[in-house]
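Subject: Structure handover

Hello,

Here is the structure for you to look over. My notes on it follow below.

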Amino acid sequence: MTTLGILGGGQLARMLCLDARRMGFRTVVWSGTPTAEPTEGVADIVMKRKFDDEEAYEEFCRQVDVATVEFENIPLETLRKVEDSVGLFPSAESIGISQHRSREKTFLREHGIPCAPFALVNSLEELKAAYEEVGPATVLKTAAFGYDGKGQVKITAGDELEAAWESVQGEPSVLEGFVDFLCEVSVLVARDKDGRCLAFPVAENEHRNHILDLTIVPARVPEETLDEAKATAIKLAGELDYRGLLAVEFFVEKSGRVVVNEMAPRPHNSGHFTMNGCVTSQFEQQLRAVCGLPLGSPELQGETVMVNLLGDMWNPELKVDEIFATEGAKLHLYGKSSPGERRKLGHVNVVGGTGVEARARALKEKLLS
Ligand code: AMP
């Protein structure tokens, strides 16, 4: 029996563990944090130890046959050691690229993958020079991936540069051209040990307060745009010599052309629709790719809309009936006991029949009221 090691103990680890258990795999979660609530009772073993804990590293590697990640912000040194000891998919190198906006954007540019124009900035002088090149409509983002809302500021005039630089506290950053997009879409691809790569259907994403709110599949964009997004994600996975599951987020420009916004070396919130909408879920696909098994069919079985459940819209006593009363609604909760306003507590996939999107939107309004 294969034991899969997972670095990180959030909801993505939970859902991977659930699929792993269904298929008879054992799981060991190393959370890196003092709590790992979503994985309790779901993983075979949960290690709530820091990532720089040498004994934890040895214990983890002793127990697992192969390892993967459920989030990218894990010390590179830990990733490299696990990789050398038991094998890590995706590789420490791929995860390292996605940890840092400047490394990621540079990789995209060097490999001919379309992204918004950008320049790396390390000082106010460099920011001023970059603004000449990339402006006038821009977004300044800190290079190291921060937490929600932190480290992003829109700049539309030269006299805003100093305040913007102060607001990112002088941290190494990327100045990006602002993309006047039609919509945002994402593609999940899985690439196996032999380099075979399959894309899930393209998902259209709507955000609320910078957090994913609804995912609509298939995305309502022209066929050529769907093809271009899939082909770009597959090309990116190939250039990275990737093994595992890769999420790629895109802006769709008014022309229908796609440009990459960012990537994530793991399952993604916008891929939760696969759990009820596709033949194979993103988590099963991750497990297959990581464990060296043939990939499953990513085929869409019918229109699917995913509604994210955030802390501000969730009161279990009052709302759970609304979900069960909605035709084709499938509830997924993450086992979190303290519902902070912006915390992701679960999601609902609405599938089947006609008017899927209307049913999903009506449910969301009820949950918000
Ligand atoms: P990010 O954290 O980079 O995914 O950005 C969060 C959100 O900010 C994106 O989903 C977009 O809605 C918006 N955004 C970020 N970068 C840009 C950009 N270059 N042009 C337009 N909108 C952007």
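Lys-254 forms a salt bridge with Asp-180, with 3.0 Å between the closest N and O atoms. A salt bridge here is a side-chain nitrogen of Lys or Arg within 4 Å of a carboxyl oxygen of Asp or Glu. Lys-254 sits in the loop between β13 (244–253) and β14 (258–264), and Asp-180 in the loop between β8 (173–177) and β9 (181–191), so the pair ties together parts that are 74 residues apart in sequence. Lys-254 and Asp-180 are both exposed. Relative accessible area sets the class: buried is under 20%, exposed is over 50%, and partly exposed lies in between (1.4 Å probe, protein chains only). Helices (H or I, at least four residues) and strands (E, at least two) are DSSP runs, numbered from the N terminus.

Some ground rules. This is a predicted model: local features need pLDDT of at least 70, side-chain atom pairs count only at pLDDT 80 or more, and totals for chains, interfaces and linings use all residues. Residues are numbered from 1 along each chain as its sequence is written, and side-chain values use heavy atoms, with hydrogens and water left out.

**Other salt bridges**

The count comes to 27 salt bridges. One of them joins the side chains of Glu-54 and Lys-81, at 2.7 Å from N to O. Glu-54 is in helix α2 (residues 54–63) and Lys-81 in helix α3 (residues 76–86), so this pair links parts that are 27 residues apart in sequence. Glu-54 has 41% relative accessibility and counts as partly exposed. Lys-81, at 26%, also counts as partly exposed.

Arg-208 and Asp-312 meet through their side chains in a salt bridge of 3.1 Å, N to O. Arg-208 belongs to strand β11 (residues 203–208), while Asp-312 lies in the loop between β15 (304–310) and α11 (316–324), so the pair ties together parts that are 104 residues apart in sequence. Arg-208 counts as buried, at 18% relative accessibility. Asp-312 counts as partly exposed, at 31%. There is also a network: salt bridges with shared partners join Glu-204, Glu-206, Arg-220, Glu-357 and Arg-361.

The loop between β15 and α11 also holds Asn-315. At 26% relative accessibility, Asn-315 counts as partly exposed. Its C-alpha atom is separated by 9.8 Å from that of Leu-368, 53 residues apart along the chain.

**Strands β1 and β2**

Two strands pair if DSSP finds at least two bridges between them. Strand β1 (residues 3–7) and β2 run parallel, joined by five bridges. Thr-3 has Arg-26 in β2 as its bridge partner. Gly-5 stands opposite Val-28 in β2.

How enclosed are the two strands? In β1, five of the five residues are buried, so β1 is largely enclosed by the rest of the structure. In β2 (residues 26–30), four of the five residues are buried, so this strand too is largely enclosed by the rest of the structure. In a regular strand, side chains alternate between the two faces of the sheet. From β1, Thr-3, Gly-5 and Leu-7 point one way, Leu-4 and Ile-6 the other, and all are buried.

**The four-stranded sheet**

This open sheet has the order β5-β8-β6-β7, with antiparallel pairing. Its edge strands, each pairing on one side only, are β5 (118–121) and β7 (152–155). From one strand to the next, the twist averages 20°. Axes are lines fitted to C-alpha atoms, for helices over the stretch in contact, and angles run from 0 to 180 degrees between N-to-C directions.

Strand β6 (residues 138–142) runs antiparallel to β8, with five bridges between them. Val-139 stands opposite Glu-176 in β8. Helix α5 (residues 101–110) packs on the sheet and touches β5, β6, β7 and β8; its direction makes about 145° with that of β5. Helix α6 (residues 124–134) packs on the sheet too, touching β5, β6, β7 and β8; its direction makes about 175° with that of β5. Contact means heavy atoms within 4.5 Å.

**Helices α1 and α10**

The axes of α1 (residues 11–22) and α10 (residues 282–290) come within 9 Å and cross at roughly 70°. The two helices are therefore roughly perpendicular to each other (angles under 35 degrees count as roughly parallel, over 145 as roughly antiparallel, 65 to 115 as roughly perpendicular and the rest as oblique). On the α1 side, the contact involves Leu-12, Met-15, Leu-16, Asp-19, Ala-20 and Arg-22; on the α10 side, Phe-283, Glu-284, Gln-286 and Leu-287.

Best wishes
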